[in-house]
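Me: Please show me the sequence and the structure. I will then ask what lies behind each label.

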Amino acid sequence: QEHSGTHEEINFALQTYGINANENPMKPDGTLDTTFHQKWLEAQKQYEENNSGQAILVPGRFDVLFGKGKRSLQHPGTMRCQLLV
């Protein structure tokens with residue numbers, strides 16, 4: 001779905017869905033700020049190296065699950081995403 005408007009209008013629209021405008025990775029000039037994503041990737045890499053792949057990740061309540069079946073569709077994050085879309 002295409003969105004149009006100024007950076008401020010888009011941030012306001014995100015806030016109406018409960019999404020903090022500070023979490024919007026899109027900068028006013030249209031480029032993406034990947035700083036948070038890069039930090040998260042580095043943290044995940046370190047976590048996986050320290051745990052040798054033995055950890056089981058549990059999805060949080062805001063995570064969207066892309067799987068087949070009832071359990072994925074009934075996950076709170078997935079249901080919330082479906083309401084937003």
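Me: What makes up the secondary structure of the chain?

Reply: The chain has four helices and zero strands. Helices (H or I, at least four residues) and strands (E, at least two) are DSSP runs, numbered from the N terminus. Read along the sequence, the pattern is α-α-α-α. The model is predicted: local features need pLDDT of at least 70, side-chain atom pairs count only at pLDDT 80 or more, and totals for chains, interfaces and linings use all residues. Residues are numbered from 1 along each chain as its sequence is written, and side-chain values use heavy atoms, with hydrogens and water left out.

Me: Why is Asn-11 called buried?

Reply: Asn-11 has 11% relative accessibility, so Asn-11 counts as buried. Buried means under 20% relative accessible area, exposed over 50%, and partly exposed in between (1.4 Å probe, protein chains only). Asn-11 sits in helix 1, residues 7-16.

Me: Which residues does Asn-11 contact, leaving aside its neighbours within four places in sequence?

Reply: Asn-11 is in contact with Ala-21 and Asn-24, those neighbours left aside. Contact means heavy atoms within 4.5 Å.

Me: Why does Val-85 count as exposed?

Reply: Its relative accessibility is 78%, so Val-85 counts as exposed. Val-85 lies in the segment after helix 4 (76-84).

Me: Which residues form a nonpolar patch on the surface?

Reply: Tyr-17, Leu-84 and Val-85 do, with about 320 Å² of accessible area together. Patches are made of residues with over 30% relative accessible area and no salt bridge; like charges are joined within 9 Å, nonpolar side chains (Val, Leu, Ile, Met, Phe, Trp, Tyr) within 5 Å. A salt bridge is a side-chain nitrogen of Lys or Arg within 4 Å of a carboxyl oxygen of Asp or Glu. Accessible areas come from the Shrake-Rupley method with a 1.4 Å probe; for residues, only the protein chains shown count as cover.

Me: Why is Asn-51 called partly exposed?

Reply: Its relative accessible area is 27%, so Asn-51 is partly exposed. Asn-51 belongs to helix 2, residues 35-51.

Me: What is the radius of gyration of the chain, and what would a compact globule of 85 residues have?

Reply: The chain has 16 Å, whereas a compact globule of 85 residues would have a value near 12 Å. The radius is taken over C-alpha atoms; the globule rule is 2.2 Å times the number of residues to the power 0.38. Of the 85 residues, 11% count as buried.
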